[in-house]
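Colleague: Please take one part of this model and examine it closely, beginning with a contact between charged side chains and continuing into the surrounding strands.

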Amino acid sequence: MHRVGSAGNNTNSNRPRKEKRLTYVLNDTADTKHCAGINCLALLKSSTSDGSDYLFTGSRDGTLKRWALGENTATCSATFESHVDWVNDTVIAGDNALVSCSSDTTLKMWNCLSDGTCTRTFSQHSDYVTCLAAAEKNANVVASGGLGGEVFVWDIEAAVTPVSKSSGVVENDCSNGINGSTNSLQMSSLQTISSSNSIITHTTQCHGYVPIAAKGHKESVYALAMNDSGSLLVSGGTEKVVRVWDPRTGSKNMKLKGHTDNIRALLLDSTGRYCLSGSSDSMIRLWDLGQQRCVHSYAVHTDSVWALASTPTFSHVYSGGRDLSLYLTDLTTRESLLLCTKEQPILQLALHDDSIWVATTDSSVSRWPAEGRNPQNVFQRGGSFLAGNLSFSRARVSLEGSTPAPVYKESNFTIPGTPAIAQHEILNNRRHVLTKDAAGSVKLWEITKGVVIEDYGQVSFDEKKEELFEMVSIPAWFTVDTRLGSLSVHLDTPQCFAAEMYSADLNISGKPEDDKVNLARETLKGLLAHWLSKRRERHGSQASANGDILSGKDMAARSSAHSRIEVDGNAENDSMVYPPFEFSTVSPPSIITEGSQGGPWRKKITELDATEDEKDFPSWVLDCVLNNRLPPREHAKCSFYLHPCEGSAVQILTQGKLSAPRILRMHKVVNYVIEKLVLDKPIDSVSTDGTYAPGLGGQSQSGSKPWQKLRPSIEILCNNQVLSPDMSLATVRAYVWKKPEDLVLNYRVIQSR
């Protein structure tokens, strides 16, 4: 797991960002499939014979899902959405507490059988949280480890029991937060974390609870395991040693050396006598903790071992990893069998009666036969080999071509996922993004609506990109990444407000064609339409049509606090969402953002309930959608000179520079020249001192005026190239002029035939 900037604007970002970011995550399918690799699995066996078992999956798409399992069915019965980055591990503590950890540096608690409501968020870690361990028979104990070298042991019951509130907010009760039913917003607001690996200890939590810290790791922790009673904890990571702890005190018991690379997977037997470890050195080792030594090493894999699962009696181990292979090994006889091979690296395993669930970097999860209750049955099929005890022995065998044949060719059931997006390109019109997913399918997204507008199937991405190229210049107003397997669109102020278009170009009917539309503002209104309507319901009739316009006095006070804020003039239809900005309610996007308190959060736009306010949203977002105010924007105007072509007899009177909106089309410049030619003075006075020229950017001049009868034909040139009437000043500057100096345009009369 490499250090990658989180999808949320989290506190570990290396780049200081003054204003909080708003991100929205798009998906084009119903919410019943993962769209990125599955990092973790947890099984909840039914307590009654007729009830269904549940499988929990945690994904790189940032969500967990609960699957109700039938004989050959799996129904997604809940999505647990609150983490803002990869979910790295999950465990079940006790009867119905689900605990998850994430690269967003938090642990979260959920009720296993709920609708997906986060009940608690813990923010003790200073970096990605990579692994969890739970005690089978001690429902309250959960351990967490991460890249910051920290290992914490949590008493879940004590952590959630309210005592007198203290000042440091590190853990929060989401269910008492903003929205009692579906919210996870009121997360911890731990702001003292640095981006370095230095461990900062936090001694206060809002319930006064502090987890036990097992201190000793100098580097990243990748694996944890605990015995049934919760009296023994083992950890491993990049230091290549297995550390053994007493989780009740956090004290070190011993350190076991033998592996030559990172330790990626650990298992303890129920008593805590034996420990199994899997490493990037491709070896599996069996340790006797009583004797404090390695009693067996198994050379089964040809690459890193990332996942281990044992039979209930700890007699056999199932192992998977980077070599795409799932093996079953008898720990006593050292016999090993290749059960199956996958197309992607194996990340986690979960034994379920006589089957085993296999999670990989793919978004689907498959179930394979495993004979977990009687693994000897598999060995009777033949094909086993004796595991060596030197790592290169298996590598050498595989090089010689005698790789064992897998026992099973097909899985007996698969829970399908949506292929993750692997490649993307923002197109020049700055509204469309071309994507290619892991299955090779190429799609065109309209990001102001959050939908796929064209599914091209399996075509060449580069050819399609060239085919869709448009010679237009629009400022970059958003950025995109695909870290969560789908498109995450990031809006940062003030850059996001840089792009405008005329309503005519967006085909917005009922709006004057020359009205300028700010793309980010309309996108934010579309994203928060549900929130705004809920807010109007809550605020009742005293709120104005677009939510909560501040009084003039408040506005003046707020404006003086900001350097200079532009109030958008087109406020009449302010609450109206125009068609190009209507987001889907069938597969709605999720918002990831944070406000003044509580840290980052994630939620579907249709689940916002208007209890969210400035504690939860960045102030600039609320300023935009509630008060119609945008931050000052640079480069909204374009300066240019307008001269007759060389040798042209026709000349108009302009002194100095003209200035107009960047998006002004050439046909407006043509109109301006005609006005000046036909009339002694233009209809609108023109400013020649570098300020806005109303004649170039004013209302449409399509009404029939007397001078139009004498209308000569004019064409506009730049660098001796005739310009299309539809080209904007910005496009001409970017593709024809191509110089840093002020743009020079030329005009000439076309002789009528």
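Modeller: The side chains of Arg-322 and Asp-303 form a salt bridge, with an N to O distance of 3.9 Å; the term requires a side-chain nitrogen of Lys or Arg within 4 Å of a carboxyl oxygen of Asp or Glu. The two residues are 19 residues apart and link distant parts of the chain: Arg-322 lies in the loop between β24 (316–321) and β25 (325–330), and Asp-303 in the loop between β22 (293–299) and β23. The model is a predicted one, in which local features need pLDDT of at least 70 and side-chain atom pairs count only at pLDDT 80 or more, whereas totals for chains, interfaces and linings use all residues. Residues are numbered from 1 along each chain as its sequence is written, and side-chain values use heavy atoms, with hydrogens and water left out.

Arg-322 is partly exposed at 46% relative accessibility, and Asp-303 is also partly exposed, at 27%. Here buried means under 20% relative accessible area, exposed means over 50%, and partly exposed covers the range in between (1.4 Å probe, protein chains only).

The strands named here belong to DSSP runs (E, at least two residues; helices are H or I, at least four), numbered from the N terminus. β23, β24 and β25 are among the strands of an open five-stranded sheet, ordered β23-β24-β25-β26-β30 with antiparallel pairing. Because β23 (305–310) and β30 (385–386) each have a single partner strand, they stand at the edges, and one side of each is left without a neighbour in the sheet. Two strands are taken as paired if DSSP finds at least two bridges between them. Strand β26 (residues 335–341) and β30 run antiparallel and are joined by two bridges. Glu-335 stands opposite Leu-386 in β30.

The structure holds 28 salt bridges. One of these brings together the side chains of Arg-431 and Glu-446, at 2.8 Å from N to O. This pair likewise links distant parts of the chain, 15 residues apart, with Arg-431 in the loop between β32 (421–426) and β33 (432–437) and Glu-446 in strand β34 (residues 442–446). Both Arg-431 and Glu-446 are buried, whereas Arg-322 is partly exposed, as is Asp-303.
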